[in-house]
Amino acid sequence: MNKKLAAALSGGAVLVLTLSGCSDDSDNKVNDWAKKVCDQVQPQLQKIANANASIQQQTADNSKPADVQKTDSAAFQQISQAYKSLGTAVDSAGPPPVDDGETTQEEAVKELNASSKAYADLKTEVDALDTKDQAKFADGLKGIADELNKISTSGDQALKKLQSGEVGVAMSKQKGCQKPTASTGPSGSAAADADADASPEGAAPEKEDSSDKDSDKDSSDKESTEKDSSEKKA
């Protein structure tokens with residue numbers, strides 16, 4: 001019942017998670033600004049990733065509504081606080097030293113604070129869901145997932161602007177602004193490895209059977225030859 005929610009959350013736009021610039025065109029002032037922001041960003045990105053992972057873990061069809069509610073509520077609270085801290089990080093760093101930097105900074109902070117409020121509101125909605133009626137609870141989660149999709153797909157223009165140009169290049173080079181490592185293991189890869197391991201083992205018995213058959217045949221032929229030889233002597 002929590003799968004839609006997890007999918008919507010994982011698709012959410014988060015500051016500087018889409019950065020991929022590798023050039024070194026930024027000057028020292030821009031790099032210094034990026035470092036100041038990104039040093040504070042990483043812990044918040046990790047909190048968001050951890051919250052997302054906790055919701056993912058409660059996606060089983062047999063998850064109890066009360067457990068799902070508790071997990072989602074805590075996750076939304078954590079994400080709300082993380083966005084608030086991201087806004088504070090961008091705000092405290094001051095305007096980036098580029099053209100129109102002040103406006104870019106102000107708009108980005110405004111969006112981050114708005115996202116913080118949006119997740120706080122989702123926490124309130126989750127807390128209000130009726131966990132005793134599973135059907136109603138599932139419908140309520142669907143509504144929250146729809147709202148999550150709206151948060152993910154709208155209102156991130158200022159963040160995209162912050163991630164563009166010189167500032168975006170400078171931020172992309174900072175380790176603190178890189179996407180945290182996923183906490184879930186590559187199950188698909190493990191399954192493939194398991195299949196690969198199982199294949200030779202599966203083939204082995206056939207080979208062994210074939211050898212046994214050849215051995216039986218040789219033994220039979222040998223017995224037949226000895227019998228013929230014995231009859232001739234008689």
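Q: Where does H2 bend, and which proline follows?

A: The bend at a residue is the angle between axes fitted to the seven residues ending there and the seven starting there. H2 bends by about 35° at Val41, and the proline Pro43 follows within four residues. This is a predicted model, in which local features need pLDDT of at least 70 and side-chain atom pairs pLDDT 80 or more, while totals for chains, interfaces and linings use all residues. Residues are numbered from 1 along each chain as its sequence is written, and side-chain values use heavy atoms, without hydrogens and water.

Q: At what angle do H2 and H3 pack?

A: Helix H2 (residues 28-56) and helix H3 (residues 65-92) pack at about 165°, their axes 9 Å apart; helices are DSSP runs of H or I, at least four residues, numbered from the N terminus, and axes are lines fitted to C-alpha atoms over the stretch in contact, with angles from 0 to 180 degrees between N-to-C directions. H2 is therefore roughly antiparallel to H3 (an angle over 145 degrees).

Q: Which cysteines form a disulfide?

A: A disulfide is a covalent bond between the sulfur atoms of two cysteines, counted here when those atoms lie within 2.5 Å. The structure holds 1 disulfide: Cys38 and Cys177 form it, with sulfur atoms 1.9 Å apart. The link of Cys38 and Cys177 is left-handed, with -90° about the S-S bond. Cys38 lies in helix H2 and Cys177 in the loop between helix H7 (165-172) and helix H8 (187-233), so the pair, 139 residues apart, links distant parts of the chain.

Note on methods: Helix = DSSP H or I, 4+ residues; strand = E, 2+ residues; numbered from the N terminus. Parallel < 35°, antiparallel > 145°, perpendicular 65-115°, else oblique.
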